[in-house]
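Hello,

Here is the structure I said I would pass on. Please look through it first; my notes on what was found follow below.

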Amino acid sequence: FSFSWQTTFQDGGEEVEDGAVYNVTLKKVQIQQAANKGARWLGGEGDQLPPEHTVRQYETSKIRAIKAGTLEKLVENLLTAFGDADFSYISIFLATYRAFASPRAVLELLLDRFGNLDTSSNGEVANLNSLESEMVLRAEIASVLRAWLDQCSEDFREPPDYMCLLKLLDYLKSNMPNSDMESRVQNLLKQFQNQEVEAVDGFCSTSSSGLVDGEELEISNPEEFSSFQDHVVAEQLTYMDVMLFRKVVPYHCLGSIWSQRDKKENKNLAPTIRATITQFNAVTKCVISTILGTRELKIQQRAKIIEKWINIAHECRILKNFSSLRAIISALQSNSIYRLKTTWMFVSKDVLLMYEELSEIFSDHDNYLTSRELLMKEATSKFANLDSSEKENQKKSQKRLQLQKTKGVMQGTVPYLGTFLTDLIMLDTALQDYVEGGLINFEKRRREFEVIAQIKLLQSSCNSYCLIPDPKFLQWFRRQRHLTEEESYKLSREAESAADTNILSPKSQKSMVKRISTLFLGTDVFTPPKEQPPKSSPVGGSSGESTDSASVSSCEFNHSETEDVCVTPVSSPDDPLKKSSVGSDKGYDSDKGSISSDKGSGCSKGSVSDPGSDGGSIPPRDSDPAPSSAPRALPVYNRQSEGSCIIRVSMDGLHASVYKSILITNQDRIPDVTQRALLKHNLEPDAVEDYELVQVISEDKELVFPRDANVFYGMNSHVNFDFILRKKA
């Protein structure tokens with residue numbers, strides 16, 4: 001017999017039970033069956049029979065996927081989801097449950113409520129059906145526990161007592177003695193007990209903070225840096241990034257968890273992500289220090305170092321390391337580097353074109369569609385897919401790729417983690433945690449899992465890297481002393497001042513200006529970037545647009561060991577080197593507040609920042625208005641859509657980049673928005689009457705809202721959605 005299948009799906013509505021709501025989908029399968037023998041005699045070609053000689057059968061099955069429920073129902077669904085054909089439920093729950101429950105609460109429900117397998121209290125032998133039910137239940141619980149240990153073993157790392165792991169071990173000894181799982185849990189317990197509890201610094205031993213005894217920080221020697229080949233530097237940066245990214249615990253990225261790391265009691269929260277941010281910052285600051293750290297450099301020498309970093313960035317692109325690639329591009333776009341207009345004139349045309357193409361990867365156009373598509377396209381590919389509009393760059397790229405293929409070296413993909421962090425924060429801001437009846441909104445967790453699944457896929461791809469650490473480079477990298485904001489700006493001004501009085505004649509200078517302006521602007525007019533010295537307070541913007549800090553996908557990491565900070569990626573519209581700015585911010589945005597400058601950073605534009613920073617506590621989720629069901633298109637910053645949008649609210653007296661992102665709807669009035677803003681800024685929410693909310697229209701214009709105004713309809717939608725919360729006089 002030969003068979004063919006055709007499957008169709010139909011929406012079956014909702015089913016409501018006590019404590020749970022399910023989405024129902026009807027799956028209809030058409031099976032077409034035909035006998036092979038005698039097919040030709042009946043007029044069929046090959047194995048195909050005429051329609052009148054085939055048999056069609058239809059099978060309809062119901063798929064139930066829990067949409068919302070109590071914690072008890074969600075845990076119970078772990079045991080029944082497979083029977084309901086919701087095959088991904090266990091993975092989704094394990095990846096996201098930390099947003100609404102603790103490991104102990106879930107384990108107690110699973111083992112105490114559903115895992116109590118005592119058959120009868122009077123010692124009588126249970127009937128056959130009861131025994132079969134117990135065996136099925138035991139198998140279902142074992143399946144869930146096995147998946148838990150496979151996918152999220154870090155959930156059981158609770159030093160020094162390891163209460164959950166001990167409870168699990170007691171359960172296995174009683175109900176599954178001498179099983180493989182029992183020995184596995186015992187080994188995991190020993191492993192945790194033998195390991196020293198890893199602090200935040202422990203994840204980033206290769207960063208500048210991990211000095212070996214006897215080593216001292218120093219400004220980079222240009223000759224020493226130049227001695228490292230471009231591909232060696234890129235490989236070592238990738239080696240460090242891979243080691244850190246593989247250790248990232250996916251649930252740490254959840255917006256509801258990552259946004260709370262600034263609380264005093266959470267100083268050790270999400271150490272794997274903090275370590276990745278620290279490494280990102282170390283790369284960015286290293287770029288700036290090598291370019292500006294030596295005063296004696298001539299213009300041509302400084303230009304050569306810039307060229308070298310652009311070539312290293314290109315090598316990172318070949319290695320599919322988007323983290324260090326973005327860190328290098330951000331550093332080159334920082335205020336202290338991009339203002340070196342005379343130095344940039346000595347950068348060769350081919351390298352400038354390469355720089356432009358690399359910057360285009362992180363263009364903010366259409367919610368950073370280019371970088372997102374590229375990341376997913378190359379997530380599982382063996383090698384980078386390189387397309388260059390410049391022939392010389394294309395030849396170089398293909399040559400390097402061919403060398404990799406000849407060696408048979410497969411590459412993984414290291415993403416810029418900030419893209420995922422800010423997407424998850426956006427979901428956390430836009431979707432409510434609880435729905436009607438106080439039920440946990442599990443549809444929100446399914447949306448979050450779509451992002452977490454991408455992180456896991458990329459982590460798996462990183463196993464393909466075969467990189468060997470170079471002790472000489474790693475030691476050099478650790479020793480780098482990073483310039484502060486003030487130091488880098490001062491050195492930048494000195495370098496540019498010396499360049500202005502150097503060997504360039506008016507004629508040759510005009511020629512170079514024309515070459516660069518034509519290259520980047522397509523015009524013969526060259527206007528140098530506007531310059532503004534750093535403020536006395538640590539602010540990141542220094543020229544050009546200073547509207548937003550930390551766009552959802554474009555905000556760079558910026559993290560120090562003591563505080564999470566964010567530098568406003570600022571660009572000047574007149575700056576020819578910023579045609580494709582990483583830092584422009586007009587897209588999908590939900591970074592929940594950020595401080596605008598790293599107090600030890602050598603960058604202030606397009607620099608490193610900390611996506612998703614939220615300096616304060618999160619208000620109860622049920623206080624945030626949200627649509628009754630998950631919207632197809634999430635609200636975004638700077639655009640009103642389907643009756644909602646996201647605004648940024650900063651406190652009067654603080655820099656505009658210290659903001660909190662707040663979701664508002666067309667039903668919200670001033671008191672509601674003011675109260676939520678106070679909560680997010682860790683202020684007393686009852687003090688609503690003491691504050692007024694104003695929208696910033698321009699440097700000298702503000703829109704003041706009446707006490708009971710509707711914010712959504714009253715705001716000016718043609719300017720940035722930036723608001724200030726000001727105490728009334």
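I start with one residue. Apart from neighbours within four places in sequence, serine 324 is in contact with Leu237, Asp241, Val283 and Cys316. Serine 324 belongs to helix α12, which covers residues 322-332. With a relative accessibility of 1%, serine 324 counts as buried, because the cut-off for buried is under 20% relative accessible area. Please keep in mind that the model is a predicted one.

Now the chain as a whole. There are 729 residues in the chain, and 54% of them count as buried. The chain has 24 helices and 10 strands. Taking contacts between residues at least 6 apart in sequence, 76% join residues at least 24 apart.

Next, a sheet. How many strands form the open sheet, and in what order? The sheet consists of 5 strands in the order β7-β6-β10-β8-β9, with mixed pairing. Strands β7 (659-665) and β9 (701-704) are at the edges and have a single partner strand each, so one side of each is left without a neighbour in the sheet. On average, neighbouring strands of this sheet are turned by 40 degrees against each other, direction ignored.

Within the sheet, β6 (residues 644-651) pairs with β10 (residues 722-727) in the parallel sense, over 4 bridges. Serine 650 has isoleucine 724, in β10, as its bridge partner. A helix also belongs in this picture: α23 (residues 670-680) lies across β6, β7, β8 (691-698) and β10. Helix α23 runs at about 150 degrees to β7.

The aromatic rings are the next topic. The structure holds 18 aromatic pairs. One of them is formed by phenylalanine 225 and tryptophan 309, which are stacked at 5.0 Å centre to centre, with 25 degrees between the planes. This pair links distant parts of the chain, 84 residues apart: phenylalanine 225 is in helix α7 (residues 222-226) and tryptophan 309 in helix α11 (residues 299-318). Are these two residues buried or exposed? Phenylalanine 225 is buried, at a relative accessible area of 1%, and tryptophan 309 also counts as buried, at 1% relative accessibility.

Another pair, phenylalanine 228 with phenylalanine 473, is edge-to-face, at 5.3 Å centre to centre and with 85 degrees between the planes. Phenylalanine 228 lies in the loop between α7 and α8 (230-245), while phenylalanine 473 lies in helix α20 (residues 471-479), so the pair ties together parts that are 245 residues apart in sequence. Phenylalanine 228 counts as buried at 5% relative accessibility, and phenylalanine 473 is buried with a relative accessible area of 0%.

Ring pairs also build a cluster, made up of Tyr89, Phe93, Tyr97, Phe100, Trp148, Phe156 and Phe442.

Finally, charges over rings. Phenylalanine 225, described above as part of a stacked pair, has the charged end of lysine 308 over its ring, 5.5 Å from the ring centre. The charged end of arginine 339 sits over the ring of tyrosine 489, 5.5 Å from the centre of that ring.

Regards

Notes:
Residues are numbered from 1 along each chain as its sequence is written. This is a predicted model: local features need pLDDT of at least 70, side-chain atom pairs count only at pLDDT 80 or more; totals for chains, interfaces and linings use all residues. Side-chain values use heavy atoms; hydrogens and water are left out. Helices (H or I, at least four residues) and strands (E, at least two) are DSSP runs, numbered from the N terminus. Buried means under 20% relative accessible area, exposed over 50%, partly exposed in between (1.4 Å probe, protein chains only). Contact means heavy atoms within 4.5 Å. Two strands pair if DSSP finds at least two bridges between them. Axes are lines fitted to C-alpha atoms, for helices over the stretch in contact, and angles run from 0 to 180 degrees between N-to-C directions. Rings of Phe, Tyr and Trp (its six-membered ring) pair if their centres lie within 6.5 Å; planes under 30 degrees apart count as stacked, over 60 as edge-to-face and the rest as tilted. A charge sits over a ring if NZ of Lys or CZ of Arg is within 6 Å of the ring centre and within 35 degrees of the ring normal.
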